[in-house]
Amino acid sequence: MSTVIDLRTFTNSIAVPVIVFVDLQQEYVAAPRSLAFAEISEQLANCREILTHARSVGLPIAFTRWIGKSPFFNAATRFSGWIKGFEPHNTDMIFDRAQPSCYSSKDFNEVIANSGGNFVIAGFAGEVACLSTAIEAFHRGHNLVFVADASASHSLDSIPSCDVHDVITHLMSLYGAVTTTRSWIKNTSRGFLARREIS
C-alpha cells in the first residue's frame with residue numbers, strides 16, 4: 001500500500017488535505033435494515049482515531065451524508081442521522097448529496113477544487129460512495145487518499161463483504177493512494193508537527 005504524503009513537504013496551506021468522512025450515518029448500523037453492516041466496530045474505531053488525530057493537529061474536517069428520497073437515508077427518519085460519536089463540530093464542513101459520489105454535492109466540489117484537490121476519505125460504503133468519489137477525483141486531477149481499514153464494503157451476491165472490500169481497495173489504488181489508519185496517523189503526526197515547529 002502507498003503511504004500518505006508527508007506533511008513536512010507542504011510549502012503552503014493549499015497542499016494540506018481535507019479529511020472527509022463519508023456517510024457515517026445510522027443507516028449503516030441499524031440492523032436488520034438492508035444496508036446495515038453486520039460488523040464494523042473496527043472500522044468505526046479507526047474512523048474515530050482519524051477524527052481525533054485530525055482535530056488534534058488542526059486539519060480541516062468534512063462530513064458528507066447521503067440524503068435520499070427513498071426508504072433509505074431518508075431525511076425524515078433517524079437513519080439519515082450521524083452515528084453516535086461522529087456528530088460534526090461547528091468548525092467542520094457538512095455536505096449533503098443525493099448521488100453516490102461526494103462530488104454530486106456542488107459545495108463539496110467547490111471546496112475540494114479550491115483547496116488544491118487534496119483530500120483523505122474514510123467511511124462507507126467502499127463499493128459505492130468511496131469508489132465513485134475516487135474515480136471522479138482522478139478525472140478531475142485531484143489527489144485522493146483512501147484509508148482502507150477505516151471503511152467497509154457490502155457483499156455482492158455470493159461474494160462476502162470482506163472479499164468485496166479487498167477488491168475495492170485494489171481498485172482504489174488505480175485512482176489514488178491507499179493507506180491504513182496507523183500509517184496515515186504516523187506520517188501526518190511527524191510531518192505536521194515538524195511543519196508547525198518550523199513556522
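## Polar contact at Glu27

A polar contact is a pair of N or O atoms within 3.5 Å; within protein, one atom must be able to donate a hydrogen and the other to accept it, and residues adjacent in sequence count only if both atoms are side-chain atoms. In this predicted model, the side chains of Glu27 and Arg33 form such a contact at 2.5 Å. The two side chains also meet in a salt bridge, with an N to O distance of 2.5 Å.

Glu27 is placed in the loop between E1 and H1. Because its relative accessible area is 0%, Glu27 is classed as buried, whereas Arg33, at 23% relative accessibility, counts as partly exposed. Leaving aside residues up to four places away in sequence, Glu27 touches Arg33, Leu35, Ala36, Pro71, Phe72, Phe73 and Phe79.

## Other salt bridges

Side chains of opposite charge can pair when their charged atoms come close. A search of the whole structure finds five salt bridges, and the pair of Glu27 and Arg33 is one of them. Another is formed by the side chains of Asp92 and Arg55, at 3.0 Å from N to O. Asp92 lies in the loop between E2 and strand E3 (93-97) and Arg55 in helix H1, so this pair ties together parts that are 37 residues apart in sequence. Asp92 is buried, with a relative accessible area of 11%, while Arg55 is partly exposed at 27%.

A salt bridge also joins the side chains of Glu136 and Arg140, with an N to O distance of 2.7 Å. Here both partners are partly exposed: Glu136 has a relative accessible area of 25%, and Arg140 has one of 37%.

In soluble globular proteins, nonpolar side chains tend to be buried together. The largest nonpolar core of this model has 32 residues, of which Ile19, Phe21, Leu24, Ile50, Phe63, Phe86 and Phe124 touch the most other members. Two or more residues of this core come from each of strand E1 (18-22), H1, strand E2 (61-66), strand E4 (118-124), strand E5 (143-152) and helix H5 (181-198). H1 supplies the largest share of the core, six residues. There is also a second, separate core of 23 residues, which includes Val22, Ile121, Ala129 and Ala134.

## Leu24 and Phe124

Leu24, one of the core residues that touch the most other members, is found in the loop between E1 and H1. Its relative accessible area is 0%, and therefore Leu24 counts as buried. With residues up to four places away in sequence not counted, Leu24 touches Leu44, Cys47, Phe63, Thr64, Gly81, Trp82, Ile83, Phe86, Gly123 and Phe124. Leu24 and Cys47 are 23 residues apart along the chain, and their C-alpha atoms are separated by 9.2 Å.

Phe124 is likewise among the core residues that touch the most other members. Its contacts, again without residues up to four places away in sequence, are Val22, Asp23, Leu24, Tyr28, Phe37, Ile40, Gln43, Leu44, Ala129, Cys130, Ser151 and Ala152.

## His53 in helix H1

His53 is located in helix H1 (residues 41-57). At 8% relative accessibility, His53 counts as buried. The C-alpha atoms of His53 and Ile185 are 6.9 Å apart in space, although the two residues are 132 residues apart in sequence.

Two polar contacts involve the side chain of His53. One is made with the side chain of Thr188, at 2.7 Å; the other reaches the side chain of Ser189, at 3.5 Å.

## A nonpolar surface patch

Val167, Leu171 and Leu174 make a nonpolar surface patch of about 260 Å². Leu174 belongs to helix H4 (residues 161-175). Because its relative accessibility is 56%, Leu174 counts as exposed, whereas Leu24, with a relative accessible area of 0%, is buried.

Note on methods
Residues numbered from 1 in each chain as written. Predicted model: local features only at pLDDT ≥ 70, side-chain atom pairs only at ≥ 80, totals over all residues. Heavy atoms only, no water. Patch = residues over 30% accessible without salt bridge, like charges linked within 9 Å, V, L, I, M, F, W, Y side chains within 5 Å. Areas by Shrake-Rupley, 256 points an atom, 1.4 Å probe, with all protein chains shown as cover. Salt bridge = Lys/Arg side-chain N within 4 Å of Asp/Glu carboxyl O. Helix = DSSP H or I, 4+ residues; strand = E, 2+ residues; numbered from the N terminus. Buried < 20%, exposed > 50% of the residue type's maximum accessible area, 1.4 Å probe, protein only. Core = buried A, V, L, I, M, F, W, Y, C linked by side-chain atoms within 4.5 Å. Contact = heavy atoms within 4.5 Å.
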